[in-house]
Amino acid sequence: MIPGFFAWMTILFPLWGAFLIPKAVAYFVIAFLIYWLYQSFKSAILAVIGYFKIQTAITTDWQQLFQENFRSFWLKYNQIHHVIVISSYKEPVEVIEMAIGSLAAQKEISLKKIHVILGQEERAGKENNQKTIDYFSKKYKHVFGDFIFTEHPSDIVGETAGKHSNERFAAQYFKKNYVDTGKYDIDYLTLTSCDVDTLFNSKYFAALTYNFASNPSRYQRFWQSPIFWHNNINQVPSLIRMTGILGNVIHIANIQEPDGLFFNYSCYSSSFRLIDQSGYWDPDMIPEDWHIFLQAFFATGGKAAVEPIFLPTVVDAPDGKNYFAALKNRYTQCVRHAWGAIDIPYAIEQSRQHPEIPLLTRSLRIFKLIQTHFIWSSNWFILTLGTSLPVILNPKFFQTTFGYNLPKISNIILTICLIPLVTLIILDWKLRPERQKKGFFNIVKNILQWPFMPIATLTMSVLPGLQSHTKMFLGQKLEYKTTLKKK
């Protein structure tokens, strides 16, 4: 109930506060604007730094770097194997091909060290699943170390449908049939979670090998690459494209947060041992990415952490059969993502049960969760309505010096915020594939869309987040709906 409660308290505060305590509302709004200004410039600076780290990572020969820097406590390069779980539900083979094709294109690593698990759902139907098995079995028969097909049962008690329960079943299948039998040593395995539309950078698993082998805390780590919606960014409606562009570059900044409190998301890797120690993905927890981190965090006594790999992973932006179907699809996806606020009570309860973890360490994780979801569903209302309602609803306050200057102060701060915004837009453009930057109409379209950014953030981010948090506040449930992937 926490996110919905605080969101609505914040949204309604300027309405009643304008009459009773207008000065307090004004101070609150200015404080939030200063915080927003700070976050904007921090994101822009970190994104610029991240951009150059990406350029370096792309040109690095990771196998050669490993040989040059090898230390006695490292694992050997050729000892390490990578297990990749791709969760699928009724997607056509040409969409699934995106992820598997990018795995087959990996460089600086033997493909026999890559073990692919395509996790299908029993509820998709035997005919659909067999068609997929036949296609990929034939095309990639001798490419990878293993190509495994699992079929997640639809009637397991206590489970909800979704990526979380599918990949749990697939990873446990691999553990039972390939690790417990002695074929592979769990200490030399990584485990990667991804979707069917994931396009890994061709050096991702070489870089993951380097990071896993060289890190003395390898069994307490997740690895996260920046996720970009670049594969179809110009084919989706502008409202979706704008939220994607901002998310793309802000993710580069987030994985460099100086406080180290960022979480893994969407597509990520870890040691197989860590996931096993954490009990695998909870079968009834739909937003699985942040939650598996929290499971690992408490399972390791607060030692689990996320480290960046600066090799972009490209995925599809939400799309649909037509313009409005695409908007609906993105809205539904965002509702599901915001449902991750259910991690707040989980983290609070687990924190109570793990007093061995320093109180500050536990508290900072809980704070990060609450902060993220609070800002998600309320920032738009503070930045827009909060700056104007006190003076509109209370003419007497407007006649004071403070009330008269509030809109001016707000406009100055928001205008300065345009500097980091433009920086983020330029960085995203520079990071896009060349094919997405061609064409006069395409360039004009990407420039003229930005006056509609307030509408985009409201409809494609804030409102679905608010709906999700409100549903939780009212004790309602969420049913998992897959995001449409188009080739």
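Contact here means heavy atoms within 4.5 Å. With that in hand, here's a quick tour of a predicted model, where local features need pLDDT of at least 70, side-chain atom pairs count only at pLDDT 80 or more, and totals for chains, interfaces and linings use all residues. Residues are numbered from 1 along each chain as its sequence is written, and side-chain values use heavy atoms, with hydrogens and water left out.

**Two residues up close**

- I84 sits in strand β1 (residues 81–87); strands (E, at least two residues) and helices (H or I, at least four) are DSSP runs, numbered from the N terminus.
- With a relative accessible area of 0%, I84 is buried (buried is under 20%, exposed over 50%, partly exposed in between, using a 1.4 Å probe and protein chains only).
- Skipping neighbours within four places in sequence, I84 is in contact with L103, I114, H115, V116, I117, T192, C194 and F205.
- I84 and E167 are 83 residues apart in sequence, yet 9.8 Å apart in space, C-alpha to C-alpha.
- G279 belongs to the loop between α9 (272–277) and α10, and is partly exposed at a relative accessible area of 32%.
- From G279 to I292 it's 13 residues in sequence and 9.1 Å in space, C-alpha to C-alpha.

**Helix pairs**

- The axes of α2 and α16 (residues 401–416) come within 10 Å and cross at roughly 10 degrees; axes are lines fitted to C-alpha atoms, for helices over the stretch in contact, and angles run from 0 to 180 degrees between N-to-C directions.
- That makes α2 and α16 roughly parallel to each other (under 35 degrees is roughly parallel, over 145 roughly antiparallel, 65 to 115 roughly perpendicular, and the rest oblique).
- On the α2 side, K23, A26, Y27, I30, L33, I34, L37 and F41 make the contact, and they meet F402, L406, I409, S410, I413, L414 and I416 of α16.
- The residues of this α2–α16 contact split into 13 nonpolar, one polar and one charged (Ala, Val, Leu, Ile, Met, Phe, Trp, Tyr, Cys and Pro count as nonpolar, Asp, Glu, Lys and Arg as charged, and the others, Gly among them, as polar).
- Helix α10 (residues 288–299) packs against helix α12 (residues 343–353) at about 0 degrees, with the axes 11 Å apart, so α10 and α12 are roughly parallel too.

- On a 1 Å grid over the protein atoms alone, a cavity is a set of points where a 1.4 Å probe fits but cannot get out, while a pocket is an open set with protein on both sides within 12 Å along at least five of seven lines; lining residues have an atom within 4 Å of a point.
- Grid points are joined across faces, edges and corners, and a volume is the space filled by probe spheres set on the points.
- The second largest pocket has a volume of about 280 Å³ and 19 lining residues, with I58, N201, P312, V314 and L431 nearest its centre.
- For that pocket, α2 (22–59) and α17 (418–431) each supply at least two lining residues, and α2 gives the most, with four.
- Eleven nonpolar, five polar and three charged residues make up the lining of the second largest pocket.
- The count comes to one cavity of 30 Å³ or more, and the largest cavity holds about 40 Å³ of space.
- T10, I11, P14, F28, F381, I382, L385, G386 and L389 line the largest cavity; α1 (2–20), α13 (359–383) and α14 (385–393) give two or more residues to that lining.
- By class, the lining of the largest cavity has seven nonpolar, two polar and no charged residues.
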